[in-house]
Amino acid sequence: MASTEISKDLPATMPAKSRWRDSDLWWSLKHSPLAIAAGVLLVVLIASAFLAPLLAVQDPYDLAALELWNAELPPIWVEGGQWPYLLGTDIQGRDVFSAILYGSRASIIIGLASVAVSLVVGLTFGLIAGYSGGWVDNILMRVGDILLSIPTILMAILVSAVFRELLPTGLRDAFAPVILIVAISLAAWVQYARTVRALTMVERSKEYVQAARLIKVRPGKIMRKHILPNTLTPILVAATLNFGLAILTEATLSFLGVGMPPTEPSLGTLIRIGNEYLFSGSWWIVVFPAAQLCLLVLSVNVLGDWLRDALNPKLR
Amino acid sequence: MLVFLMKRLFNAAIVMLAVAAMAFMIFRFVGDPVEMMVNEQASQAERDELRERLGLDQGVVTQFGRFVVSATQGDFGISYRNQREVSSLIAERFPSTLELVLVATILSLVIGIPLGVVTAIHRGKWYTEALQFGSIIGVSLPSFVVGIMLILIFSVTLGWAPAFGRGDVVDLGWWSTGLLTHSGRAALILPSLALALFQITLVMRLVRAEMLETMRTDFIKFARARGVPARVVQFRHALRNCLMPVITMTGMQFGNLIAFALITETVFQWPGMGLLFIQAVTFVDIPVMAAYLCIVSFIFVALNTLVDVTYAVVDPRLRHQGH
């Protein structure tokens, strides 16, 4: 009980706000204009994606709202462009700007969910493998080895294709996001598991863990409350970079036709649709979703890169 | 050394067995192979006959055993879609994929190494910063977007290079090459660049990191102190010491590139194994999917094992580590 009392007292003596302001991370962020730019961009992109129903001029999922006589309109600044279709319309008369907002929302949600799933699985397996060692450790790590010894993109495509095939036709589109999350997380958890396992093996022999063991704290609680917090720094960096990778993988799968369906397009699906009109001169159908995807992944990667350097004590 | 070699080979065999199990499960449990193969008017007797011929009436373990045996002999059955042997379909497509990947690998080394050296030597210059930032962009650009943009700029707008297909090919025995004709070489430019871009940034980052490390070592300082010209120190002494890791990474990435080529091949309609695989996925042509999985994984695992073993030959310390 003593420990909880101490942690309750802490915020009183050290307000959370100033703790953040005094931190190395804040200092490093202030001195990295690129990271600030990426952070602002990412916030704008995510906010606009989640506010899509408010910002979009039409619901791109509602086929009844599409007007065919407005098909293939160019962006507004090109001759023939029409208000309110800022970035033009696609072959079905779907507003590209609205489709991008909704598409980003799908991409971001699937990306976040994949990171969350692989984090939970990876941290759990990593803690168990590192804490218990022996045959449990051996089996978990061998499974991970096998998963990583096949190119991940190939694995994701296969898993996606097979699961779609196993589902009845009517359910395929509804379950597309779930299938994608499984396909992306299947190999991604291994990296977290390996990192946490290695750190756990180091922490396990330290005195604070031995002390906790001595007073008969349950192993599950030792892993969650004592060891886990000490492994989170490298995990945070990996998770950020993997978020970018998950968005990329989702886009690739959707582009190849084993991801989100054309009725509920993600950014990858939009690029797949636009790619078919590449030679017809309607460049805006493919260029804007592609640019949005690149900006999204780029801002995440720049932040991840900065975070890795900022949290690396050797580089200070 | 022998123990190490046996261990590595054993691990590789386990992985391949797991891959084979996956391929087998896809083949056996996604859809009914018999329904996929017979035409719709086939009688029940014909179906039973085919079922027996495929051995589908036997136990799962027996079936798996037979699958592994025939797979090691390169027999992956008949494609559902075009009723041809999968092995000959893949053999037809293999040369074009390999050429694409080889050219992309060469491009990545020829462009990536100099860029890495430049960014390591001229630190703090504006173009170094630009290249550094460019390498983050290179990692963030999805390869299919790179391909689409290359097509849009260099084919649709400028008309400099063809956007799809492989051009004319020349048959050299069973190998068909596009390198010997003008249209074949022209068709290679955009796809190989699209495939190489990610690899270029990898090579560049690796060379830069290794160069920075090497330039701090004593033998470089000594060479400088002796009055060896800077150029010679940088390229003869330092760069040479960086090449080993670059070669290793190139070897290990080769399998990845073959897998990634399927994206490039889809964008450029390049008639390689990857395009065959994606078409098979669309038509649920399971034998082709299973065969592609096995072959690409085999190349991947074989290369990784080869790199591991080579490392152990070069560096004896690795042989005596725990695993």
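A crossing is left-handed if the near helix is turned anticlockwise from the far one by less than a right angle, and right-handed if clockwise. The model is predicted: local features need pLDDT of at least 70 and side-chain atom pairs count only at pLDDT 80 or more, while totals for chains, interfaces and linings use all residues. Residues are numbered from 1 along each chain as its sequence is written, and chains are lettered from A and ligands numbered from 1 in the order in which they are written.

**Exercise 1.** Describe how H8(A) packs on H9(A).

Step 1. Helices are DSSP runs (H or I, at least four residues), numbered from the N terminus; H8 spans residues 152-166 of chain A and H9 residues 169-204.

Step 2. Their axes, lines fitted to C-alpha atoms over the stretch in contact, with angles from 0 to 180 degrees between N-to-C directions, lie 9 Å apart at about 150°.

Step 3. H8(A) and H9(A) are therefore roughly antiparallel (angles over 145 degrees).

Step 4. The crossing of H8(A) past H9(A) is right-handed.

Step 5. Residues in contact (C-beta atoms, placed from the backbone, within 7 Å) include A:Met155 and A:Phe163 of H8(A) and A:Ile179 and A:Leu186 of H9(A).

**Exercise 2.** State how domain 1 and domain 2 of chain B meet.

Step 1. Domain 1 covers 2-72 and domain 2 covers 91-319 of chain B, with bounds from an automatic or database domain assignment.

Step 2. Over C-alpha atoms, the centres of these two domains of chain B are 34 Å apart.

Step 3. In chain B, 16 residues of domain 1 contact 15 residues of domain 2.

Step 4. On the domain 1 side of this contact in chain B, helix H1 (residues 2-29) gives the most, 13 residues.

Note on methods:
Helices (H or I, at least four residues) and strands (E, at least two) are DSSP runs, numbered from the N terminus. Angles under 35 degrees count as roughly parallel, over 145 as roughly antiparallel, 65 to 115 as roughly perpendicular and the rest as oblique. Two residues are in contact if their C-beta atoms, placed from the backbone, lie within 7 Å.
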